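Subject: Structure handover

Hello,

Please find below the structure I said I would pass on. My notes on it follow.

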Amino acid sequence: MHYSLQFFSWTPHEGVHQVGSIIEVNALNPKLAATALLGVRLDDAGAARRLAVRVWNDSDDSKADCTCYYYH
């Protein structure tokens, strides 16, 4: 399936901001799409390294049905 990924970072001083541009990936599911690029452990909860990714299916133009993961 084809997914779009949007990476975010945050700091207490600068808040949340997008890192780079939206990336398109082919993967079996959203979690594999997120790990395929960086190879970093991720989860949907817990303490994060200040890097997160939002993943959605390309057919969802509104991005309403997206999944967020936090890199650990």
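Of the chain's 72 residues, 26% count as buried. Please keep in mind that this is a predicted model.

Confidence

The mean pLDDT of the protein chain is 78, with 72% of the residues at 70 or more. Where pLDDT is low, the predicted coordinates should not be read in detail.

Order of elements and strand pairing

The protein chain contains one helix and five strands. Read from the N terminus, the order is β-β-α-β-β-β. Among contacts between residues at least 6 apart in sequence, 55% join residues that are at least 24 apart.

Strand 1 (residues 2-11) pairs with strand 2 (residues 15-26) in the antiparallel sense, over nine bridges. These two strands form a hairpin, and three residues lie between them. Within this pairing, Phe 7 has Val 19 of strand 2 as its bridge partner.

Strand 1 is also joined to strand 4 by seven bridges, and this pair runs antiparallel. Here Phe 8 stands opposite Ala 52 of strand 4. Strand 4 in turn is joined to strand 5 by five bridges, again with the strands antiparallel. In that pair, Val 53 stands opposite Tyr 69 of strand 5.

The core

Which residues make up the largest nonpolar core? There are eleven of them: Tyr 3, Leu 5, Phe 7, Val 25, Ala 27, Ala 33, Ala 34, Val 53, Val 55, Tyr 69 and Tyr 71. At least two residues of this core come from each of strand 1, helix 1 (30-38), strand 4 (51-57) and strand 5 (66-71). Strand 1 gives the largest share, three residues. As a general point, nonpolar side chains in soluble globular proteins tend to be buried together.

Ser 4 is located in strand 1. Is Ser 4 buried or exposed? Ser 4 counts as buried because its relative accessibility is 4%, which is under the 20% cut-off. Not counting residues up to four places away in sequence, Ser 4 touches Ile 22, Ile 23, Glu 24, Arg 54, Val 55, Trp 56 and Asp 58.

Gln 6 is in strand 1 as well. With a relative accessibility of 7%, Gln 6 also counts as buried. The side chain of Gln 6 makes a polar contact of 2.9 Å with the side chain of Gln 18. Another polar contact, of 2.2 Å, joins the side chains of Gln 6 and Arg 54. Leaving aside neighbours within four places in sequence, the residues in contact with Gln 6 are Gln 18, Ile 22, Ala 52, Val 53, Arg 54 and Trp 56.

His 17 lies in strand 2. Its relative accessibility is 31%, so His 17 counts as partly exposed. Apart from residues up to four places away in sequence, His 17 touches Phe 7, Phe 8 and Ser 9. Between His 17 and Leu 51 there are 34 residues of separation in sequence and 10.0 Å in space, C-alpha to C-alpha.

Leu 51 itself belongs to strand 4. Leu 51 is partly exposed, at 23% relative accessible area. From Leu 51 to Phe 7 the distance is 7.1 Å, C-alpha to C-alpha, although the two are 44 residues apart in sequence.

Tyr 70 is found in strand 5. Tyr 70 has a relative accessible area of 30% and is therefore partly exposed. The C-alpha atoms of Tyr 70 and Ser 9 are separated by 9.8 Å, while the residues are 61 apart along the chain.

Where to start

Strand 1 pairs with strand 2 and is joined by bridges to strand 4. Strand 1 also supplies the largest share of the core, and both Ser 4 and Gln 6 lie in it.

Regards

Note on methods. Residues numbered from 1 in each chain as written. Predicted model: local features only at pLDDT ≥ 70, side-chain atom pairs only at ≥ 80, totals over all residues. Heavy atoms only, no water. Pairing = 2+ DSSP bridges. Helix = DSSP H or I, 4+ residues; strand = E, 2+ residues; numbered from the N terminus. Buried < 20%, exposed > 50% of the residue type's maximum accessible area, 1.4 Å probe, protein only. Contact = heavy atoms within 4.5 Å. pLDDT = per-residue confidence, 0-100. Core = buried A, V, L, I, M, F, W, Y, C linked by side-chain atoms within 4.5 Å. Polar contact = N/O pair within 3.5 Å; in protein donor to acceptor, adjacent residues only side chain to side chain.
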